[in-house]
Amino acid sequence: MKPSIPIATVKLLERLGCTVSYPEKQTCCGQIMTNTGYYKEALPTVRNYVDSFEDYDYIVGPSGSCVGSVREQHAMLAHRAGDGGLEEAATAVAGRTYELTEFLVDVLGVTDVGAYFPHRVTYHPTCHSMRITKVGDRPLQLLRAVRGIDLVELPMADQCCGFGGTFSVKNPDVSIAMASDKARHVRSTDAEYLVAGDQACLMNIGGILHRQRSGIHTIHIAEILASTEKEVSVA
Amino acid sequence: MSTRERLTPEPPSWLGIPPFPEAAKAELGKAQQRKNLRHATATIRTKRAIRAAEVDNWEELRTAAAQIKDRVGRHLDHYLVQAEKAMTEAGITVHWARDGDEANRIVGEIAKAKGVDEVVKIKSMVTQETDLNEHLEEIGIAAWETDLAELIVQLGHDLPSHILVPAIHRNRSEEREIFTTEMGRYGTPAPEGLSDEPAELAAAARTHLREKFLRAKMAISGGNFIVAETGTLVIVESEGNGRMCLTLPETLVSVVGIEKILPTVEDLEVFLKLLPRSSTGERMNPYNSFWTGVTPGDGPQDLHVVLLDNGRTNVLADPEGRATLRCIRCSACLNICPVYERVGGHAYGSPYPGPIGAILGPQLRGLDEARDRALPYASTLCGACNEVCPVKIPFTDILVHLRHKVAEYKTSKHPTVEQGLMKGAGWVMSDGRHLALAQRASRTAGLLVKGRWLGPMPIPLAGRWLQARDVEAPPTETFRQWWKKNRGDK
Ligand code: SF4
């Protein structure tokens, strides 16, 4: 959706000494289909995910929501389809799948990634990162170590922004009401940037902030962490 | 019906309420209600969090509660028979009701046999589920709600919008208005010059209700728990109005869902810790009543329990949905739900609103009606309810499971546009080459709008989105292309 995020992720991981590869076969976690109730339609994405990533030590995704779906739903879908082999493979691959901040903190063991971002920033811990993937305060540990950053607390941070995948299409009015409240809280912080680990939520809240001409930008955590004095990765 | 005057205030009907997305839209427009809901849910959320944090082994208690409830579900037939036997031996008359109509008929017959033309009621969800009050009205018996919030709803010709605080959508000045105009038509009127001070409102309700308590020969309640081992009926409440209903009238009829059985008194301990903290943020319920049969000279002298199925065995039959029956109606999931907080209870179209309503309703009633097919989608799957529920109901899993059932239901009738879209997405996402193809189309669009944000425009699906939000233009270079160009040799 937004290429600057995976580009920032690649640059960041390479800067920290990882060898990054990108299997061209890969696509998506299939969550949008699963969560709308279309299990059969989601199954090919599970197969493709397993095929694409089976041979890697670590699979890193810059999205709490997608990683959560891989871990929580893939094996279930394979199980329901009666495909025991796929279920086993999906469980194994899911076990090696990490959300970006988890990977940095737990696997690489770093919280200071050498980033520089001299702006006022507020952090939204998206529902799926927080409650499904359980990234905890890892994003905040990483952000606190960023040089130049002015990190301010977001009121009612743990409340959902109202995106919810197809929720925003099926219940547009409630979704807008929720996103507007979230945008109001963001504005109250006087931040220049709203940061999160899930692009979909940022797109939802950012859409309102932009419509309101608030002047507040949204940014993915990978983009802040990839930024250095030499190269700012804000698109 | 229309030929004679009603005995009790006429409520509106749940049946006229449109499916969730449409009903929610109307509710969102009610500014006062939104303010009341935001304030009330935030207050009670905070209280719950404090009381839960006080208990060291809170998580273990939740797990224990879930396990006890699951065990009851697995051996429900056994525990029900055991409970029936114990209750009968203790002197309680046990009735069985397959559905709401049967339960209502049983209650109505008991009232007729007793020759009463009015009953007092303890707030109960299950009699809302069966629409008991309206059945009694039809056969000429007036049913009076005695819970303060339920009284406000009844006198206001309104529908409840919360499991625990049915009048959560109302504020004090609305309450004063309702009391002033309606109380006199159905009993003791509100005092002259009633203000909207909580103490004055409560006093007016007390006077109005006292007359009914003292006269009533029969009371109706639900039941929080039934202990199978001892045949004990357990009713907990906060206001004391329940205690009046349970001690003054000679006859008590309790309608209880069959899932409310607990094996032993020890099991009860777990729930008496979890329930008040989760629901009202109290350490203990102020009034806890336990009836093991009848005792001459103390409490009801004739006690009936109606065990109600009304779809519960269907829920039990579905291994992926059955955890729903663990629910102890504490309402914590409502108070934490961001969707409920904005729309309130009426939009859910049934007495059970919020997350529990979204999963319970469609399972009890089935998927034949559009409003029941809409409910599993009335959630963003944010998972806040999973974390707060004292019996650990996995809401998000059950919601997704029910969505799957809805998708199957719809496509079994005829293929839908949505299924077409999902199939298309399934194909695109099944292989990177397909995705690259789709991205090329999006890139073309991106080149056309060149980095400008998109505002309101009539595009199918996206149009609804773009009413209130702008969207960034599609990228002119995809990540795939960037990778090929910059890292392609790897
Ligand atoms: S589902 Fe859980 S949180 Fe909601 S009312 Fe029932 S017990 Fe309480």
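The model is predicted, with local features needing pLDDT of at least 70 and side-chain atom pairs counting only at pLDDT 80 or more, while totals for chains, interfaces and linings use all residues. Residues are numbered from 1 along each chain as its sequence is written, chains are lettered from A and ligands numbered from 1 in the order in which they are written, and side-chain values use heavy atoms, leaving out hydrogens and water.

**Ligand shell**
- Around the ligand there are 13 residues, of which B:C327, B:C330, B:S331, B:C333 and B:C389 come nearest, a residue being near if one of its heavy atoms lies within 4 Å.
- By class, this shell has eleven nonpolar residues, one polar and one charged, where Ala, Val, Leu, Ile, Met, Phe, Trp, Tyr, Cys and Pro count as nonpolar, Asp, Glu, Lys and Arg as charged, and the others, Gly among them, as polar.

**Annotated span**
- An unreviewed UniProt entry lists residues 82-308 of chain B as "domain: LUD", an annotation that may be inferred rather than shown by experiment.
- The end C-alpha atoms of residues 82-308 of chain B lie 16 Å apart, and the span is 44% helix and 21% strand, these being DSSP runs (helices H or I, at least four residues; strands E, at least two).

**Helix α10 of chain A**
- Twelve of the 17 residues of α10(A) are buried, meaning under 20% relative accessible area with a 1.4 Å probe and protein chains only; among them are A:D181, A:K182 and A:H185.
- After α10(A) comes A:D190, whose phi is positive, near 65 degrees.

**Nonpolar core**
- The largest nonpolar core has 139 residues, and B:F20, B:F179 and B:I356 have the most contacts inside it; such a core is a set of buried Ala, Val, Leu, Ile, Met, Phe, Trp, Tyr and Cys residues joined through side-chain atoms within 4.5 Å.
- Helix α3 (residues 39-53) of chain A gives the largest share of this core, seven residues.

Technical notes. Buried means under 20% relative accessible area, exposed over 50%, partly exposed in between (1.4 Å probe, protein chains only).
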